[in-house]
Amino acid sequence: MTGTQAPRTRGRRAAVLSTALLFLVPFLAGLTGKPDRVRAAACAVSVQTADLAVPLPRSARALAAGGPLRIVAIGSSSTAGAGASKPEHSYPARLAEHLGARYPGLALTVLNKGANGETGPDMVKRFRRDVLDQAPDLVVWQVAANTVLRGDDPDAAEQVIRSGVRTLKDAGLDVVLMDLQYAPAMLAKPRHEEMEARIARIAAEEEVGLFHRYAVMRQWVETRQAAMSDLVGPDGIHQNDFGYDCVARTLAASLHDAFSLRTAGKVSVRP
């Protein structure tokens, strides 16, 4: 009897959570029109999962002054847009679109500084040219995916990420880390959960934002809003156009709330 009830219970829980997440469509849809709200429903996620946990004061000041707002997205291939059908379907390009819908008329720039195959040390070497010299207000640093995929030393990776975060903070920039993608090739690696914990610890201890990409994608799959194949391409690691758009849409909503924070840990569900 127990064996037959458990799957039904899990199914009911998933259905209830999926229904609850639909109430968060305004959080994701922002100021976009009705057709986009239908698409946003497939990307709905709990506000707690999307919470960046910290305010972004430099970006908030730029918004208060009427702009401009400059963002650098640095990372590896999932920032560069591997798996997307066109460059304009990469997550940084979609982020610019979704933020632009939330802040019409704002002079907004999102620079894509992703490079295929890189790990943390490679990215840090590019900080001067690709980040600091670009004079951004905010840096979204997607990091550690290739460290896990290649089985590199997680201790060394943590040291590099922590040092890199401090470099960005010392320059007066707002910082948001983006963690691993929830994808078959990543899930097959035995130390992916350890790296997730390390990234979260760095963000908490260094008091920078953390976009929980792994948890966000996992929630979509577990609540049956999207199948893994809806989000991830045939290589099993890179997102496809839909996956990148959902990540960008959620990140835009998370940033929107963080821009208005005065203290960490408070997130509004208002569009």
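1. In this predicted model, the axes of helix 14 (residues 213–222) and helix 16 come within 11 Å and cross at roughly 120°. That angle makes helix 14 oblique to helix 16. The handedness of the crossing is right-handed. On the helix 14 side the contact is made by R213, V216, M217 and W220, and on the helix 16 side by C246, V247 and T250. By class, these contact residues of helix 14 and helix 16 are five nonpolar, one polar and one charged.

2. Helix 16 (residues 241–259) also packs with helix 7 (residues 91–102): their axes come within 8 Å and cross at roughly 45°. Helix 7 is therefore oblique to helix 16. This crossing, too, is listed as right-handed. Helix 7 contributes Y91, R94, L95, H98, L99 and R102. Facing them in helix 16 are Y244, D245, A248, R249, L251, A252, A253, L255 and H256. The residues of the contact between helix 7 and helix 16 divide into nine nonpolar, two polar and four charged.

3. A further helix pair is formed by helix 11 (residues 154–170) and helix 13 (residues 192–206), whose axes come within 10 Å and cross at roughly 30°. The two are roughly parallel to each other, because angles under 35 degrees count as such. Their crossing is right-handed.

4. What residues does helix 11 bring to its meeting with helix 13? They are P154, D155, A157, E158, I161, R162, V165, R166 and K169. Helix 13 meets them with E194, M195, R198, R201, I202, E205 and E206. The make-up of this contact between helix 11 and helix 13 is six nonpolar residues, no polar ones and 10 charged.

5. The largest pocket has a volume of about 160 Å³. Its lining consists of 13 residues, and P55, P57, L173, D174 and E207 lie nearest the centre of the pocket. Helix 5 (57–64) and strand 4 (174–178) are the elements that give two or more residues to this lining. In the lining of the largest pocket, seven residues are nonpolar, one is polar and five are charged.

6. Two backbone details deserve a check against the model. Most residues other than glycine have a negative phi, and most peptide bonds are trans. A53, which is not a glycine, has a positive phi of about 80°. A53 sits in the loop between helix 4 (47–50) and helix 5.

7. Which residues does a cis peptide bond join? The bond links G67 and P68, with omega at about 0°. P68 belongs to the loop between helix 5 and strand 1 (69–75).

8. To recap the helix pairs, helix 16 meets helix 7 through residues that include Y244 and H256, and it meets helix 14 through C246, V247 and T250. Helix 7 and helix 14 are each oblique to helix 16, whereas helix 11 and helix 13 are roughly parallel to each other. The contact of helix 11 with helix 13 has 10 charged residues, while that of helix 7 with helix 16 has four and that of helix 14 with helix 16 has one.

Conventions. Residues numbered from 1 in each chain as written. Predicted model: local features only at pLDDT ≥ 70, side-chain atom pairs only at ≥ 80, totals over all residues. Heavy atoms only, no water. Axes fitted to C-alpha atoms, helices over the stretch in contact; angles between N-to-C directions. Helix = DSSP H or I, 4+ residues; strand = E, 2+ residues; numbered from the N terminus. Parallel < 35°, antiparallel > 145°, perpendicular 65-115°, else oblique. Left-handed = near helix turned anticlockwise from the far one by under 90°. Contact = heavy atoms within 4.5 Å. Nonpolar A, V, L, I, M, F, W, Y, C, P; charged D, E, K, R; others polar. 1 Å grid on protein atoms, 1.4 Å probe; cavity = no way out; pocket = protein on both sides within 12 Å on 5 of 7 lines; lining within 4 Å. Points joined across faces, edges and corners; volume = space filled by probe spheres on them.
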